[in-house]
Amino acid sequence: MAHHIERMDDVADWLAGYLRGGHTTEQAVAAVSAYVGLQESPAQYWLAVTTVKGYRSDLLRLGRVAFSVREHAGYWTAV
């Protein structure tokens with residue numbers, strides 16, 4: 001269990017760092033998928049979408065990222 005919690009914290013910290021430059025939701029999903037080594041498949045894509053949204057939600061709640069809409073796309077930036 002501790003390993004999985006550490007892994008989740010690692011991915012959340014990595015994502016917060018990645019979002020320093022500001023990225024769309026799709027860019028964040030693709031980057032996290034590559035970071036954790038997911039294969040390109042529809043099932044893993046949808047799992048990544050759900051997981052990344054959870055990470056971003058926690059980061060937003062903690063004040064580590066900000067959300068805006070640009071050109072009709074969700075845009076995330078580290079605070």
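What follows is a short chat about helix packing and aromatic rings in a predicted model.

Q: Which residues does helix 1 cover, and at what angle does it pack with helix 3?
A: Helix 1 spans residues 2-18 and helix 3 spans residues 42-61. They pack at an angle of about 75°, and their axes are 10 Å apart. Angles of 65 to 115 degrees count as roughly perpendicular, so helix 1 is roughly perpendicular to helix 3.

Q: Which residues meet there?
A: From helix 1, M8, V11, A12, L15 and A16. On the side of helix 3 they meet V52, Y55, R56 and L59.

Q: How many of those are nonpolar, polar or charged?
A: By class, the contact of helix 1 with helix 3 has eight nonpolar residues, one charged residue and no polar ones.

Q: Changing topic to the rings. How many aromatic pairs are there?
A: The count comes to four. One of them is W14 with Y18, a stacked pair at 5.4 Å centre to centre with 10° between the planes.

Q: Where do W14 and Y18 sit relative to each other along the helix?
A: Both are in helix 1, and because they are four residues apart, about one helical turn separates them.

Q: How exposed is W14? And Y18?
A: W14 is partly exposed, with a relative accessible area of 26%. Y18 is also partly exposed, at 23%.

Q: What about W14 and Y35?
A: They form a stacked aromatic pair too, 4.4 Å centre to centre and 15° between the planes. W14 lies in helix 1 and Y35 in helix 2, so the pair ties together parts that are 21 residues apart in sequence.

Q: What do W14, Y18 and Y35 form together?
A: One aromatic cluster.

Q: On to helix 2 itself. How far does it reach from its first C-alpha to its last?
A: Helix 2 has 12 residues and reaches 17 Å, close to the 16 Å expected at 1.5 Å a residue.

Q: Which of its residues are buried?
A: In helix 2 the buried residues are T25, A28, V29, A31, V32 and S33.

Q: And what covers the buried residues of helix 2?
A: The cover includes helix 1 and helix 3, along with strand 1 (23-24) and strand 3 (73-78).

Terms used
Residues numbered from 1 in each chain as written. Predicted model: local features only at pLDDT ≥ 70, side-chain atom pairs only at ≥ 80, totals over all residues. Heavy atoms only, no water. Axes fitted to C-alpha atoms, helices over the stretch in contact; angles between N-to-C directions. Helix = DSSP H or I, 4+ residues; strand = E, 2+ residues; numbered from the N terminus. Parallel < 35°, antiparallel > 145°, perpendicular 65-115°, else oblique. Contact = heavy atoms within 4.5 Å. Nonpolar A, V, L, I, M, F, W, Y, C, P; charged D, E, K, R; others polar. Phe/Tyr/Trp six-rings, centres within 6.5 Å; stacked < 30°, edge-to-face > 60°. Buried < 20%, exposed > 50% of the residue type's maximum accessible area, 1.4 Å probe, protein only. Expected span 1.5 Å × (residues − 1).
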